Amino acid sequence: MHCLRQKYVMLSDGFKAEGRVSLGGATVGSDFGCQDGRFVNPQGNALVVERANITGNVFLNDCFHAVGRVSLGGARVGKELRIAPKKHTPGQQVWQQGQIRAPAPFS
């Protein structure tokens, strides 16, 4: 079992992953950003942030691209959660939000 504790996590600015990227249960002391990040796993979860505790903002916007599911179930967001993918795979359930706790409205 791995435990991630970081100040910032930025998977952005051309970041690309094939397969599952998981930050499940991670603690991020400030922001988590995936602007202009590409996550590809057409057969399953592309990005998993379940039960993560992020004290700052979460940015899944500005050219965020997911092929596969993005799961945020049980995540806690301390500030703003921005979800605005430019692209996703048609016909797939892309967002699995579950019970996300965030003080600011989703945008």
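The secondary structure of the protein chain comes to 0 helices and 14 strands, where helices (H or I, at least four residues) and strands (E, at least two) are DSSP runs numbered from the N terminus. This is a predicted model, in which local features need pLDDT of at least 70 and side-chain atom pairs count only at pLDDT 80 or more, while totals for chains, interfaces and linings use all residues. Residues are numbered from 1 along each chain as its sequence is written, and side-chain values use heavy atoms, with hydrogens and water left out.

Q: Why is cysteine 34 called buried?
A: Buried means under 20% relative accessible area, exposed over 50%, and partly exposed in between (1.4 Å probe, protein chains only). Cysteine 34 has 0%, so it is buried.

Q: How many disulfides are counted, and by what rule?
A: A disulfide is a pair of cysteine sulfur atoms within 2.5 Å. By this rule the count is 0.

Q: What makes a set of residues a nonpolar core, and which have the most contacts inside the largest one?
A: The set holds buried Ala, Val, Leu, Ile, Met, Phe, Trp, Tyr and Cys residues joined through side-chain atoms within 4.5 Å. The largest has 24 residues, and Leu11, Phe32, Cys34, Phe39, Leu47, Leu60 and Phe64 have the most contacts inside it. Strand S7 gives the most to this core, with 3 residues.

Q: Why is serine 12 called buried?
A: Serine 12 has a relative accessible area of 15%, which is under the 20% limit, so it is buried.
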